[in-house]
Number of protein chains: 2
Amino acid sequence: AASEVNKTAHSFDKARFEALLNRRFFYAPAFEIYGGIGVAGLYDYGPPGSSLQANIIAEWRKHFIIEEHMLELDTTIMTPASVFETSGHVARFADWMVKDTKTGDVLRADHLVGGVLEARLAGDKEARGLAAAPPAPDDKKKKKKGAKAAAVKLDDEVVKEYESILAQLDNYSGLELGELCRTYALRNPDTDNEVGEPQQFNLMFASSIGPTGQHPGENQFLKLPTNLSYLRPETAQGHFLNFSRLLEFNNGRIPFASAQIGRSFRNEISPRAGLLRVREFTMAEIEHYVDPEDKSHERFDEVRDIVLTLLQKSVQESGNNGTIRMSVGDAVAKGIIANETLGYFIARIYQFLLKIGINPARLRFRQHMKNEMAHYAADCWDAEIQNSTGWTECVGCADRAAYDLSVHSARTGHPLVVRQALKEPIVTEKEVPEWNKKALGKTFKGDAGVVQKLVEALEEPELLKLKGELLQGATVIKSEDGKEFQLTPELLTIERKVFKQSIREYTPNVIEPSFGLGRILYTLLEHSFWAREQDVERGVLSLPSVVAPTKVLIVPLSAREEFAPLVQEVSSKLRRAGVFSRVDDSNTSIGKRYARNDELGTPFGITVDFASVQNRTMTLRERDTTDQRIGTIDEVIATVVELVNGSIDWNAACARLPAYDGVQAVE
Amino acid sequence: AASEVNKTAHSFDKARFEALLNRRFFYAPAFEIYGGIGVAGLYDYGPPGSSLQANIIAEWRKHFIIEEHMLELDTTIMTPASVFETSGHVARFADWMVKDTKTGDVLRADHLVGGVLEARLAGDKEARGLAAAPPAPDDKKKKKKGAKAAAVKLDDEVVKEYESILAQLDNYSGLELGELCRTYALRNPDTDNEVGEPQQFNLMFASSIGPTGQHPGENQFLKLPTNLSYLRPETAQGHFLNFSRLLEFNNGRIPFASAQIGRSFRNEISPRAGLLRVREFTMAEIEHYVDPEDKSHERFDEVRDIVLTLLQKSVQESGNNGTIRMSVGDAVAKGIIANETLGYFIARIYQFLLKIGINPARLRFRQHMKNEMAHYAADCWDAEIQNSTGWTECVGCADRAAYDLSVHSARTGHPLVVRQALKEPIVTEKEVPEWNKKALGKTFKGDAGVVQKLVEALEEPELLKLKGELLQGATVIKSEDGKEFQLTPELLTIERKVFKQSIREYTPNVIEPSFGLGRILYTLLEHSFWAREQDVERGVLSLPSVVAPTKVLIVPLSAREEFAPLVQEVSSKLRRAGVFSRVDDSNTSIGKRYARNDELGTPFGITVDFASVQNRTMTLRERDTTDQRIGTIDEVIATVVELVNGSIDWNAACARLPAYDGVQAVE
């Protein structure tokens with residue numbers, strides 16, 4: 001059987017972890033050789049990071065797009081300002097910043113408040129003789145470097161106030177943040193200077209299309225200059241603008257979803273070090289269009305029993321952060337999650353995250369508080385994953401209601417609606433004026449239109465009254481300014497007519513699961529990292545096969561030519577079976593080559609040695625246990641293919657292949 | 001056997017073709033419901049376009065990245081200005097534009113020249129009584145709408161001049177374009193106004209990072225404002241800046257290649273309608289790093305015999321456009337293609353394009369002329385594919401030499417070089433001055449450095465002379481400004497020393513195949529389009545299975561519930577075999593559903609009817625022939641899986657499954 005492994009012998013060491021990611025080029029700050037040049041928040045992915053990301057995306061595509069027959073889109077990043085003016089982003093997609101009154105340095109207001117209060121609480125703990133606690137799991141806001149406060153004991157009441165503020169930090173408006181700064185004398189921790197009033201800073205990058213001044217802005221929809229454009233901060237608007245085409249592609253049926261994977265941009269005020277708050281990032285977004293009167297989901301039964309950890313809005317708004325464990329079915333039944341479709345997607349997000357290797361014990365769904373919610377959202381749950389910086393929003397799942405489709409429709413006059421054929425047409429009867437247009441024109445000339453409008457504005461009872469009068473002969477109608485018009489049966493009659501409404505027209509609601517792939521990737525790497533019990537320096541990334549950058553490492557004993565045909569054979573057999581392998585014939589020991597690949601998260605290794613040439617056997621090594629087994633070339637390939645596809649586990653592989661004890665080797 | 005199909009019964013009808021792409025939402029102008037708002041050159045891909053693009057990318061990844069073990073990268077789009085200042089893009093990545101002197105309209109200078117001269121030539125043909133020729137295959141520049149000229153006969157000599165200018169159009173500088181406008185009285189064809197002198201317009205989109213004014217620009221590398229940034233116009237710089245990390249990842253070995261697929265942006269002066277000249281596009285770029293002294297390629301033998309159509313630089317520069325057919329091996333041997341590595345990639349590009357369905361008869365490789373070449377390139381060949389607008393550059397294959405790595409290295413001081421351990425160290429002997437530093441300082445004080453430099457600047461013969469003099473006692477050395485210094489054996493001796501150089505350090509050259517995926521996708525769609533012989537309205541896209549958006553359409557006879565379990569079974573069996581299918585149970589006839597899928601390029605259709613329920617048989621339809629065959633559910637699935645994988649063709653499938661004649665149906 002497989003060996004036992006102790007992955008928790010050493011506690012998580014962030015410095016060692018980051019050194020590994022950097023050494024193996026998972027990612028690195030962009031423009032590193034230019035010394036960074038003031039462009040924090042931009043990262044390049046190297047070969048293992050790119051492959052890991054590509055594999056996460058491939059799995060996402062399978063799990064969502066293919067499994068649920070979503071309609072994939074690929075829309076532009078560059079977007080005319082008018083679109084974001086309509087969507088509300090020009091006015092409201094902003095963070096609050098404060099300026100240091102002396103240096104002019106810019107800080108995010110909520111980060112300032114959070115950082116300083118946390119530092120004071122830590123100082124209080126120190127003063128009370130309690131060890132400065134390690135960053136608590138709920139420590140959402142990362143501490144700023146300079147935010148260390150002196151060990152000053154605080155009143156018990158003040159501690160409670162601070163804790164309550166921190167629990168609601170995402171809920172404050174700019175005014176309130178400014179008031180907090182004044183009330184608690186919060187200063188820039190880096191300089192100890194006062195800060196000014198919070199100001200809004202729009203997070204969209206602006207650019208300009210075409211040779212400057214070429215577009216005179218004559219378009220009817222434009223208030224902003226024609227050539228002003230923004231880089232999209234989300235892919236969603238690209239979906240909404242194409243709604244009519246998508247609906248048509250789906251044969252007019254609803255519900256359905258569109259999906260898009262692509263880059264978005266946010267001009268963050270203070271990007272964090274690392275992938276958690278960056279200025280350019282890859283998103284995967286789904287817009288699921290649903291009848292507002294029926295948000296049930298036909299596959300809800302498949303996820304009903306999945307139990308999730310939930311942190312409700314009401315709990316946070318009362319200044320706490322206690323979670324509950326509850327099945328999706330119960331949460332929807334109790335109205336904690338608003339409807340089946342929202343619940344279905346929350347559960348599918350949960351399944352996806354587990355599939356790629358996220359630790360379920362460090363995953364919760366947190367509901368947005370009122371002020372925290374994006375301007376377009378009616379309800380929102382974030383999949384938050386715990387990492388060394390605290391709980392991090394990695395997936396948002398928002399009910400955008402009919403907001404976006406309605407505003408674009410109103411702005412452009414293009415109806416973004418569903419027309420549903422009613423099974424039973426709705427039949428109504430109504431009194432309707434029937435005009436003799438010719439006589440009307442002749443009688444009233446320029447006032448004909450006025451007369452018509454006056455009659456058509458009448459409610460049913462008045463129309464009935466008029467009908468009666470006309471049946472008896474002529475009558476008079478008065479306009480608002482007191483002008484009188486004589487109506488006769490020659491000019492009009494009022495008739496009862498039957499109307500059949502066979503189409504229902506409505507603006508669908510949108511449920512939007514939105515994935516930040518960089519945050520997921522980073523957190524997955526943290527969850528996968530551990531160090532060998534006997535040697536803390538030997539880091540391992542236990543990435544699941546499905547996302548591991550390379551599935552199999554082929555290690556010839558040396559770069560000698562006699563191994564080449566075998567290496568070629570193994571490599572091409574694996575490729576034909578759809579398994580991505582790499583050969584490492586570099587000039588170091590096999591042990592060192594395996595250690596390097598443990599760091600790269602490569603789950604399996606195949607050694608080609610003299611026995612392979614002589615007996616056609618190979619050894620197979622598993623990353624986590626470092627177990628080695630032996631078999632014929634074809635046995636080993638068949639086994640590793642099944643391991644990578646997930647149809648067997650390492651225990652099953654051990655039952656098939658005998659342990660390798662070194663005796664089988666040929667010198 | 002399979003039926004015969006005549007795909008050329010109708011000539012290519014662009015209007016019908018474009019209507020199809022629009023109707024089936026392959027792609028559409030972005031922000032269409034906003035009326036376009038002056039943002040030409042931006043397109044959204046709908047579901048079939050997105051899938052087609054994703055499949056082309058997946059095949060590209062297999063053909064290049066996996067097959068050749070390239071190192072994949074994913075770098076940022078947003079790039080600080082300094083990087084493009086170094087790369088030369090700030091100064092030189094520009095087109096020449098001219099302004100209409102009255103309206104201020106901006107035109108691309110080369111388009112103006114090309115358009116007007118072509119219109120005049122067409123007018124000449126008309127005047128000579130020759131039918132206005134259809135756009136010639138070499139008609140590289142698309143005619144502007146307004147460019148129609150009157151039927152005026154030209155002198156034979158003028159015709160020759162015009163033709164020669166058109167053949168070299170890409171070769172003119174801004175000055176020359178201005179001169180052509182004056183010499184031939186070329187005016188804005190839309191207004192008939194004169195145009196001004198050509199001016200450069202930089203094609204990069206600019207933006208700004210961070211809250212305005214936050215970055216005071218103190219970084220050493222910066223001349224431009226710190227927060228000025230550009231959206232990359234190519235992915236290449238992201239590769240080059242990471243060269244050292246990539247080399248290390250590759251264990252210091254060369255040659256190797258990095259590869260990246262991603263968005264790039266060019267602020268085109270006059271984007272064309274359609275995907276051929278857009279402002280935002282997806283590229284796939286390879287940077288292959290090679291020893292400048294050895295540009296052989298170890299797999300060149302695999303492509304040596306591939307025969308290509310080549311259009312050489314020298315031919316174009318003499319005002320002609322005759323091509324030759326020649327094997328890659330011969331072209332490299334004759335120096336037409338500069339080296340094996342360039343030849344290897346040209347051949348691999350050719351193989352890739354054929355694999356995804358490009359017609360080889362409409363594919364040529366054109367060498368860039370001198371002035372046409374990008375500022376960084378030493379040699380360049382474009383894969384040009386013919387479509388209804390003429391020959392279109394779809395892939396560039398440039399030898400960028402050491403340009404980029406050298407300039408970034410010089411700017412940043414970070415060496416972007418390869419250090420190669422020499423197998424045989426190079427041993428040299430040299431005369432070297434050995435100083436008594438203490439005595440030197442005491443004797444010459446502030447001039448000690450000057451003296452040292454004077455001696456160390458001496459060539460070997462002079463050093464030998466000095467050695468002799470010192471052996472005999474004191475001697476004198478003169479500085480450039482005539483100052484004399486007395487040297488003695490106490491201050492220095494000259495000694496013969498042995499030097500071993502075991503490392504060779506060099507800047508690699510870069511061969512860059514660069515793919516414009518939108519242009520390839522569009523041209524592939526054109527090459528795939530035809531109409532049924534018996535009905536010109538019935539358009540078909542004969543996309544190869546490997547790139548077709550959907551591989552198999554499952555068509556239940558009706559949406560009746562009894563078909564649901566079978567549809568489910570077929571769909572999940574196909575999914576398990578890795579074949580992407582869609583179900584169409586919409587409320588129209590099977591014939592209409594197939595016609596829709598012929599337009600979508602779906603190669604195979606499976607019909608589920610009452611016979612399927614009763615006898616577990618299904619029919620299989622092939623898109624191009626419309627042949628239908630019948631078999632058991634499992635036979636049909638096995639056959640269609642092999643068809644999609646390309647392991648059998650339709651003829652082989654027909655040998656396995658009997659023809660369906662309708663008799664097997666159950667009513």
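A salt bridge here means a side-chain nitrogen of Lys or Arg within 4 Å of a carboxyl oxygen of Asp or Glu. I kept that cut-off at hand while going through this predicted model.

**Entry: the count.** By this rule I get 106 salt bridges over all chains. Side chains of opposite charge can pair when their charged atoms come close.

**Entry: Glu431(A) and Arg496(A).** I looked up this pair and found a salt bridge, 2.7 Å from N to O. Glu431(A) sits in strand S17 and Arg496(A) in strand S20, so the bridge ties together parts 65 residues apart in sequence. I noted Glu431(A) as buried at 6% relative accessible area, while Arg496(A) is partly exposed at 43%.

**Entry: Glu642(A) and Arg656(A).** Here the closest N and O atoms of the salt bridge are 2.9 Å apart. I placed Glu642(A) in helix H21 and Arg656(A) in helix H22, 14 residues apart. Glu642(A) is partly exposed at 25%, and Arg656(A) is partly exposed at 41%.

**Entry: over to chain B.** Arg24(B) and Glu599(B) form a salt bridge of 2.8 Å, N to O. Arg24(B) lies in the loop between helix H1 and strand S1, Glu599(B) in helix H19, 575 residues apart. I checked burial too: Arg24(B) is buried at 18%, as is Glu599(B) at 7%.

**Entry: a network.** I also found Asp95(A), Arg108(A), Asp110(A), Glu268(A) and Arg277(A) joined into one network by salt bridges that share partners.

**Entry: chain A overall.** I noted 22 helices and 28 strands. The radius of gyration is 33 Å, well over the 26 Å the globule rule gives for 667 residues, so chain A is more spread out than a compact globule.

Definitions and conventions
Residues are numbered from 1 along each chain as its sequence is written. Chains are lettered from A and ligands numbered from 1 in the order in which they are written. This is a predicted model: local features need pLDDT of at least 70, side-chain atom pairs count only at pLDDT 80 or more; totals for chains, interfaces and linings use all residues. Side-chain values use heavy atoms; hydrogens and water are left out. Helices (H or I, at least four residues) and strands (E, at least two) are DSSP runs, numbered from the N terminus. The radius of gyration is taken over C-alpha atoms; the globule rule is 2.2 Å times the number of residues to the power 0.38. Buried means under 20% relative accessible area, exposed over 50%, partly exposed in between (1.4 Å probe, protein chains only).
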